[in-house]
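Visitor: I would like to learn how to read the features of a model like this one. Could you take me through it, one topic at a time?

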Amino acid sequence: MPKAATTISPVDERLEALVAKFGITTRQLRSTKITPISNAARAKLLGIPAAAITVVAAPIVLSPAKPIKGTSDLTIFSTMMVDPTWPAASGQALFSSAYPSAVDPGAQVAFNRIKKGKNHLVEFYVTLNMNTAYKFRVFTYPLGDFVDVTIQGPKSTVITALAPPVDQIAGTLELGASIQQRNTVADNAGWSLQSVQINTIG
């Protein structure tokens, strides 16, 4: 008796075509794991003693599959595809510098200031798929400060941004951070975003 034909979902079919341009397979893409930042590392980035990390407020977690949580939201720019099926809890957005557009590939989060006088640590969880130097510009808002970072791929990593509370502005204030890829078309730098996490001190 002949075997039933295997059906491939449109999502998987599209994903296979895209990751082939990265020089990897769908299985390789989905086998990557990103190690979260340790609380000790968060404390160092926030400029507090390691012992004080026990009072970190519950984080805000946003992702391509769940881009809105209360008044916080994630916006994705110039993505090639959003795969809502993996990781199951977050999905992932795929980008590549090989396909230029009017807006740099990247992601931005916006959230209400959690507490005056406290820095807000934004963690972008990404997988850099190619053997190339990835270039990102990391912004914080509303001040618009930025820093340029270069990370050698391939690797899974966390890109961090430290958003100050801007205490001179009273009342409810929206803060934010973003990452923008600055590689050239020739770099052919494919990557994916799995989630974003925001922490501050309670």
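Guide: Let us begin with strands: helices (H or I, at least four residues) and strands (E, at least two) are DSSP runs, numbered from the N terminus. Two strands pair if DSSP finds at least two bridges between them. In this structure, lysine 69 stands opposite serine 72 in β3. β2 and β3 (residues 72–77) pair in the antiparallel sense over two bridges. Before we go on, this is a predicted model: local features need pLDDT of at least 70, side-chain atom pairs count only at pLDDT 80 or more, and totals for chains, interfaces and linings use all residues. Residues are numbered from 1 along each chain as its sequence is written, and side-chain values use heavy atoms, with hydrogens and water left out.

Visitor: Which strand order does the open sheet of six strands have?

Guide: The order is β2-β3-β6-β11-β8-β9, with antiparallel pairing. At the edges stand β2 (68–69) and β9, each of which pairs on one side only.

Visitor: Which strands are joined to β12 by bridges?

Guide: β12 (190–199) runs antiparallel to β1 (residues 60–62), with three bridges joining them. Four bridges join β12 to β5 (residues 92–96), also antiparallel, and eight join β12 to β7, again antiparallel. As for individual pairs, isoleucine 198 in β12 is the bridge partner of isoleucine 60 and also of valine 122. Glycine 190 in β12 is the bridge partner of serine 96.

Visitor: How many residues of β12 are buried?

Guide: The cut-offs are these: buried means under 20% relative accessible area, exposed over 50%, and partly exposed in between (1.4 Å probe, protein chains only). In β12, 10 of its 10 residues are buried. Serine 195 is found in that strand, and it counts as buried because its relative accessibility is 16%. Contact means heavy atoms within 4.5 Å. Not counting residues up to four places away in sequence, serine 195 touches Leu62, Ser63, Ser90, Glu123, Phe124 and Tyr125. In the segment after β12 comes threonine 200, which counts as buried because its relative accessibility is 1%. The C-alpha atoms of threonine 200 and arginine 113 are separated by 9.6 Å, although these residues are 87 apart along the chain.

Visitor: Which members of the largest nonpolar core touch the most other members?

Guide: In soluble globular proteins, nonpolar side chains tend to be buried together. A nonpolar core is a set of buried Ala, Val, Leu, Ile, Met, Phe, Trp, Tyr and Cys residues joined through side-chain atoms within 4.5 Å. The largest one here has 39 residues, of which Val109, Val122, Phe124, Trp191 and Leu193 touch the most other members. Leaving aside neighbours within four places in sequence, the contacts of valine 109 include Leu62, Val122, Phe124, Val196 and Ile198.

Visitor: How should I read the pockets, and which residues lie nearest the centre of the largest pocket?

Guide: Rolling a probe the size of a water molecule over the atoms shows where empty space is left. On a 1 Å grid over the protein atoms alone, a pocket is an open set of points where a 1.4 Å probe fits, with protein on both sides within 12 Å along at least five of seven lines; lining residues have an atom within 4 Å of a point. Grid points are joined across faces, edges and corners, and a volume is the space filled by probe spheres set on the points. The largest pocket holds about 220 Å³ of space. Its lining has 13 residues, and Ile34, Pro36, Tyr125, Gln194 and Ser195 lie nearest the centre. Two or more lining residues come from each of β7 (120–128) and β12, and β12 gives the largest share, three residues.

Visitor: Where do the cis peptide bonds lie?

Guide: One joins tyrosine 141 and proline 142, with omega about 15°, and proline 142 lies in the loop between β8 and β9. Another runs from glycine 153 to proline 154, with omega near 0°; proline 154 lies in the loop between β9 and β10.
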